[in-house]
Amino acid sequence: MAPPLIAPSLLAADFARLGEEVETVAAAGADWLHLDIMDGHFVPNISFGPVVVKALRKRAAIPFDVHLMIAPADPYLAAFAEAGADWISLHPEAGPHLHRSLQTIRALGKKAGVVLNPATPVESVAHVLDLTDLILVMSVNPGFGGQSFLDSQLPKIAALRRMIDASGRDIRLQVDGGVTAATAPRCIAAGADVLVAGTAVFGQKDYAAAIAAIRGAPA
């Protein structure tokens, strides 16, 4: 089994030095950059929007993995696509027509993802697998970084891995929330192949060593 991809979450970076942080973490071995978009409505926090994503796009060549924690999400899909997102993920609860939203993302030429909150059932994605490139399991309640990993999400990760494998589709299984060098092996064992880590990377002095530790490889 290939090592997981590591997507450091920009939410934990130094916001006074975002451009430099993006360059540094990409050089340190990040596979993707995870960008959390929060509106203060769908989640109790506000982060940044497409203007910031566009400004940062020129600072690194790695894929930009945009997680929309906004409602409604549909009116902003094109703006984030144009800003340079490679992957755009949204929550089933963010709008009435998940199928249509995923179609829109695909039509914009981007990879489409579905995000499951801790209480969101696996079945929410079962009938849109044909339009899904990524499923993100939130192992904390979304809105803030630095929370503790919820072990209750491990069976969900395992169930989704079985669902993806049974479908025969090329769908990434991502985990975000409380991912550290200690919790990463459990996520990988359950079937995850992309790990989002915020403070476990940006909160460390040596980004390369932190990424290698989460990936399970020697620094």
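Visitor: Why is D36 called buried?

Guide: Buried means under 20% relative accessible area, taken with a 1.4 Å probe and protein chains only, whereas exposed means over 50% and partly exposed lies in between; D36 has a relative accessible area of 4%, and therefore D36 is called buried. This is a predicted model, in which local features need pLDDT of at least 70 and side-chain atom pairs count only at pLDDT 80 or more, while totals for chains, interfaces and linings use all residues. Residues are numbered from 1 along each chain as its sequence is written, and side-chain values use heavy atoms, with hydrogens and water left out.

Visitor: And what makes D176 buried?

Guide: D176 has a relative accessible area of 11%, so D176 is buried by the cut-off of under 20%.

Visitor: How do you know that the side chain of D36 makes a polar contact with the side chain of S9?

Guide: A polar contact is a pair of N or O atoms within 3.5 Å, where one must be able to donate a hydrogen and the other to accept it within protein, and where residues adjacent in sequence count only if both atoms are side-chain atoms. The two side chains make such a contact at 2.9 Å.

Visitor: Which residues does UniProt list for "active site"?

Guide: The unreviewed UniProt entry lists D36 and D176, although such annotations may be inferred rather than shown by experiment. They are spread over 141 residues of sequence, yet they cluster in space, with a largest C-alpha distance of 10.6 Å. D36 also touches D176, where contact means heavy atoms within 4.5 Å.

Definitions and conventions:
Lists of a residue's contacts leave out its neighbours within four places in sequence.
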